Amino acid sequence: MNKFKFLSLLILGFLFFSCGSNSDKKTSYFKLKTAENKTEFKLGETIEGSIENLKDREIDSIQLYFQQKYFQTLIAETSFSVPLENTKLGRQKLEAIVFSEGETDTISENLKILNNQSPKAYTYKVIKEYPHDSEAYTQGLEFYKDTLYESTGQYGNSSLRKLNLETGEVLNKINLEDTYFGEGLTILNNKLYLLTWREKEGLIYNLDDFEQTGTFSYNQSKEGWGLCNDGKKLYKSDGTEKIWILDAETLAEKDFIQVATNTKIYSKFNELEWVEGKIYANTYQFPSVTIINPENGAIEGVIDFRGLRERLGNLDDLDSQNHVLNGIAYNQNTNKLYVTGKNWDKVFEVEIIEK
């Protein structure tokens, strides 16, 4: 092939792909607009808005979707109202599909939905102290039929443990492969589910003998942080503002909530525990536990655990960045709550008190 012919083909190819990409860039005939261009709302408020007809086209109908669910169809009108009553918090999308003159036009607006109440403030009272292995970099803590189970982290030092709460004795222990960084755990139907951090994989064990029986993938979630269950579904945090809801049978990520107060959206939720219909969550590197509504993601309370770390016997061996509060276990049979931390030498039974 001579140079002139090759150059001509190259130019034609460039023009072809350029024309194709330009033709795909469709100019929208419509614009979704909220009243006063408002993009932040709270529960109890109403999203008021309209569809602006930029090219004076004849509209057949408009389908509205909110939070990826069908809301209503508009015919012969372009204004709408979306009441925020039983809705999820966080970053949500309002979307409209406009049918006009035989064509469809999809337009959307990203909104932020916050709670309409500030969280309640709680403090604590230590009821009793128990010994805890200071070599355990605690990532998950959970009771199952009065027995305490724990997962620990760090590459090359991650483990799964069965504990005697009273004595701190490790009754059973297996070490994870060095390529795994162990994270949160939860137990359902005699199966133990254990997260790994960045390996995009969860591990499944038989509770009786810690024999591994399977794995599960994370799919959409970013990483593995905390894990708990309500008896029917699993809840998984991944370091972002999202807490994922997993099918208990398939472990598929079916949905998620986003965690927010009345002022902002929050992230970095680590160890999770299901306590009387709420999710209790450690916030990484903060001496507090957040109480989360699992239906909409609202932070309903914050427990201030400042001062608890100072009760440790090995405090001089710990640093403030890594050896933080992490580990919540609720015994449903006794209604008692326990907390510990990474490499802490104590587990604390605590009573929660509203300030």
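Two strands are taken to pair if DSSP finds at least two bridges between them, a strand being a DSSP run of E of at least two residues, numbered from the N terminus. The model is predicted, so that local features need pLDDT of at least 70 and side-chain atom pairs count only at pLDDT 80 or more, while totals for chains, interfaces and linings use all residues. Residues are numbered from 1 along each chain as its sequence is written, and side-chain values use heavy atoms, with hydrogens and water left out.

An open sheet is formed by three strands in the order 1-3-6, with antiparallel pairing. Strand 1 (30-34) and strand 6 (79-83) are its edge strands, each pairing on one side only. Strand 3 (residues 46-53) is joined to strand 6 by five bridges, and Thr-46 stands opposite Pro-83 in strand 6.

At least two lining residues come from each of strand 7 (90-100), strand 8 (103-114), strand 20 (242-247) and strand 21 (253-258); strand 21 gives the most, with six residues. Domain 1 (30-114) and domain 2 (120-354) each contribute at least three residues to this lining, the domain bounds coming from an automatic or database domain assignment.

Terms used. Helix = DSSP H or I, 4+ residues; strand = E, 2+ residues; numbered from the N terminus.
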